[in-house]
Amino acid sequence: MIIQGHRGCRAEFPENSIEGVKRAIALGAFAVEVDIQLTQDHELVVVHDSELFEGYYRLPAERQSLRVWETALSTLTQVEFGHEPLTKFPEQQVAVCHIPSLRDLIDASADHRLNLELKVPFEKNEDQSWLRGYAEVIIGLLTKQNYHPWRIKSFNLSLLEKLAKINHSLPLHYLIEAPLNLDSWTNFADFVRPNPALRGLSVRHDLIDQRMVDRCQALQIHLSAWTVNDLATAERLKALGVIDLVSDDPGLLLKWEEKHG
């Protein structure tokens, strides 16, 4: 099976931190998923939320919030987080981290497989000019770093299509968080692409059933499941034929996979 770390290794380290990515790699995760955002000065940072609030994040003096797309890279990479565990993961290690740039994360991950989730703020979801600029920045950075991501995914299909027009060889996957009408699928192109660069679907785990798995296999659509944090869900998906699982706790799934094969 393919076991991916989600936002690094979120069950053990602060999410989207270099420390968390290194932990997932050390545990043996096949790939590591992280969230990417575009900054005001057209740089890329590794952070999930489009707007950051004082509390979990330690923001500059007298700031209660920061919008990532309206903030420069130099300001964002000074923001600290991880001073205390998330309530959802009380065993998460306390590790004071800074928001990393994508460039720094690529350097730190030593060419390990990264799954880049491209986040788009709600305010920019339909802004075609902004999305086009976002795609150009991504391609530019990957070219300059000579880095080939294992996968690039997004909920924003327009962004994926713009990336495909610039570079049709990118491994692009479409994120799904709402029920699908499988009856409308006559082939992959009718559902997610006019462009053959869109190679797969990454679907919320509770939306996946046998019919979806069978349809994806018949249409040669790669299917991955997120976010799988318990063994009962992992076992259900494996029984259905899903072999690609994204988890906040990759160590848990890796031990399970080693034991059961």
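Select Trp226. This residue is buried, with a relative accessible area of 15%. Buried means under 20% relative accessible area, exposed means over 50%, and partly exposed is in between (1.4 Å probe, protein chains only). The model is predicted: local features need pLDDT of at least 70, side-chain atom pairs count only at pLDDT 80 or more, and totals for chains, interfaces and linings use all residues. Residues are numbered from 1 along each chain as its sequence is written, and side-chain values use heavy atoms, with hydrogens and water left out.

**Stop 1: aromatic pairs**

Phe155 sits in the loop between E10 and helix H5 (157–166), while Trp226 belongs to strand E13 (residues 222–226), so the pair ties together parts 71 residues apart in sequence. Helices (H or I, at least four residues) and strands (E, at least two) are DSSP runs, numbered from the N terminus. Phe155 is partly exposed, at 31% relative accessibility.

How many aromatic pairs does a search of the whole structure find? The search finds six. Go to Phe30 and Trp150 next. Their ring centres are 5.5 Å apart and their planes stand at 70°, so they too are edge-to-face. Phe30 is in the loop between helix H1 (18–27) and strand E2 (31–38); Trp150 is in the loop between H4 and strand E10 (151–154). This pair therefore ties together parts that are 120 residues apart in sequence. Phe30 is partly exposed at 31%, and Trp150 is partly exposed at 21%. Then pick Tyr56, Tyr57 and Phe81, which form one aromatic cluster.

**Stop 2: the cores**

In soluble globular proteins, nonpolar side chains tend to be buried together. A nonpolar core is a set of buried Ala, Val, Leu, Ile, Met, Phe, Trp, Tyr and Cys residues joined through side-chain atoms within 4.5 Å. Select Tyr134, Leu163, Ile208 and Leu245. Of the 60 residues in the largest core, these touch the most other members. Helix H4 (residues 128–145) gives the largest share of this core, nine residues. Another core, of 15 residues, lies apart from it; Val45, Tyr57, Leu73 and Ala95 are among them.

Zoom in on Leu245. Not counting residues up to four places away in sequence, Leu245 touches residues including Met1, Ile2, Ala234 and Trp256. Contact means heavy atoms within 4.5 Å.

**Stop 3: Ile243**

Find Ile243 in the loop between helix H8 (231–240) and strand E14 (244–247). Is Ile243 buried, partly exposed or exposed? Ile243 counts as partly exposed, at 47% relative accessibility. Leaving aside neighbours within four places in sequence, Ile243 is in contact with Met1 and Ile2. Now select Pro60. The C-alpha atoms of Ile243 and Pro60 are separated by 43 Å.

**Stop 4: cysteines**

Select Cys9, which is buried at 0%. Then select Cys216, buried at 1%. A disulfide is a pair of cysteine sulfur atoms within 2.5 Å. The count is zero disulfides.

**Last stop: the whole protein**

Zoom out. The protein has nine helices and 14 strands. Buried residues make up 53% of its 261 residues.

How values were computed
Phe/Tyr/Trp six-rings, centres within 6.5 Å; stacked < 30°, edge-to-face > 60°.
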